[in-house]
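Here are my notes for your review. Please read them alongside the structure.

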Amino acid sequence: MNSTSQRDLSAASDTQYQRRVLLAAPRGYCAGVDRAVIAVEKALEQYGAPIYVRKQIVHNKYVVQTLEKKGAIFVDETEEVPEGSIVVFSAHGVAPSVHDEAKASKLATIDATCPLVTKVHNEAVRFAEENYDILLIGQAGHDEVVGTMGEAPDRIHLVDGAEDVANVQVRDESKVVWLSQTTLSVDETMATVGELKKRFPLLVSPPSDDICYAAQNRQVAVKKMASETDLLIVVGSKNSHNSGRLVKVGLEYGAKAAHLVDFADEIDEAWLEGVTTVGLTSGASVPEILVDGVLGFLAERGYADVETVKTAEEHHIFSLPRELRRDLRGEAGQATLTRSTTEGQTDAAAATVTSRTRTGSHGGNSP
């Protein structure tokens, strides 16, 4: 073998073992998350702090911390919001009872529910009106599931995975339909649907796919690159269902190891031992700045070669909540003033009646 051939083989060997990053596309923010975060930011700019947010606006630690610094106050329940304030409902949606609570407390509301979640809510209402039993495939306790079930609590049955199918009881097996939490994986959902159809052969499917386009696209990208990765890093918070699913999907499709991190400084350098190819993606509630931080961390450790793995184009844009075009501070203040005035008039009337009663009881016409 001549020296030129030896050099070629050596170069090929170096390329084969060169450290690299496979960067998934699409990744990060979806249109619904972008809309919700901007809604809080615009509310703060337009109305000033504080702006209250019921639950986390999206399931991401960095986003919540950043909005808190700007003046957002996150609460668990509507009753924690002072009367006359502005409250934003998160991208995951809320039950009708929450809207009623806000109205009773004279709160001005901004509904940042993702339009895709709203679609599922509308389907639940329609099927309930048609007297169907609705089998909602989803994660028990997830904010989105709680909100959807609130649309028709006496008609919706939660099915938390294929193993939960045996527990389902319905009134009429000929009137059963399934819906799903939008952030589930397609594989996970269809496995549950398959088991449901074995029990309920007449099971009706929703008119359109309830799986969020963003959740599906991010999972497809991970599936494509997983078998080539020694380590998959998913940027996202632990309470983000779609981020957690990306870790599981990566492992199921061939990644040798996979970890979920909020920030680059959570990466354990021991994970990189013997690793040639790192796969990198992020959940649908993750801003790109956090992915950039991980890329910087990896570049400093020799993973400077970045190759994008693109499986879809996303061009979805959702308009901002219409409430941002109104004077919500004025509306909330007027509602509070009206109630205060009404209560004052009621108290005065009651005092007058009491006074007259007392006067009469003591013989008001006597000298």
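1. A cut-off comes first. Buried means under 20% relative accessible area, exposed means over 50%, and partly exposed lies in between. The model is predicted. Valine 125 has a relative accessible area of 28%, so it counts as partly exposed. The residue sits in helix H5, residues 115-129.

2. Strands S7, S6 and S8 form an open, parallel sheet in the order S7-S6-S8. Its edges are S7 (156-159) and S8 (176-180), each pairing on one side only. From one strand to the next the twist averages 30 degrees. Strand S6 (residues 133-137) runs parallel to S8, and five bridges join them. Within that pair, aspartate 133 stands opposite valine 176 of S8.

3. Two helices touch this sheet. H7 packs on it with contacts to S6, S7 and S8, and its direction makes about 145 degrees with that of S6. H5 lies across S6, S7 and S8 and runs at about 165 degrees to S8.

4. Now the four-stranded sheet. It is open, its pairing is parallel, and its order is S3-S2-S4-S5. S3 (72-75) and S5 (108-111) are the edge strands, with pairing on one side only. The strand-to-strand twist averages 30 degrees. Four bridges link S4 (residues 86-89) to S5 in the parallel sense. Isoleucine 86 has alanine 108 of S5 as its bridge partner. Helix H2 (residues 31-47) lies across S2 (51-54), S3, S4 and S5, at about 155 degrees to S2.

5. The S9-S10 region deserves a look. S9 (residues 231-235) and S10 pair in the parallel sense over four bridges. Valine 234 stands opposite leucine 260 in S10. Together with helix H9 (residues 241-252), S9 and S10 make a right-handed β-α-β unit.

6. Just after H9, glycine 254 takes a positive phi of about 115 degrees.

7. How many of the 14 residues of H8 are buried? The count is 10, so H8 is largely enclosed by the rest of the structure. Among the buried residues are Tyr213, Asn217, Arg218, Gln219 and Met225. H8 covers residues 213-226 and reaches 20 Å from its first C-alpha to its last, close to the 20 Å expected.

8. Last, aspartate 262. Its place is the loop between S10 (258-261) and S11 (277-282). Is aspartate 262 buried or exposed? Its relative accessibility is 4%, so it counts as buried. Its side chain makes a polar contact of 2.6 Å with the side chain of serine 237. Leaving aside neighbours within four places in sequence, aspartate 262 contacts Asn60, Lys61, Val235, Gly236, Ser237 and Leu290.

Terms used. Residues numbered from 1 in each chain as written. Predicted model: local features only at pLDDT ≥ 70, side-chain atom pairs only at ≥ 80, totals over all residues. Heavy atoms only, no water. Pairing = 2+ DSSP bridges. Axes fitted to C-alpha atoms, helices over the stretch in contact; angles between N-to-C directions. Contact = heavy atoms within 4.5 Å. Buried < 20%, exposed > 50% of the residue type's maximum accessible area, 1.4 Å probe, protein only. Polar contact = N/O pair within 3.5 Å; in protein donor to acceptor, adjacent residues only side chain to side chain. Right-handed = clockwise from strand over helix to strand, strands pointing away. Expected span 1.5 Å × (residues − 1).
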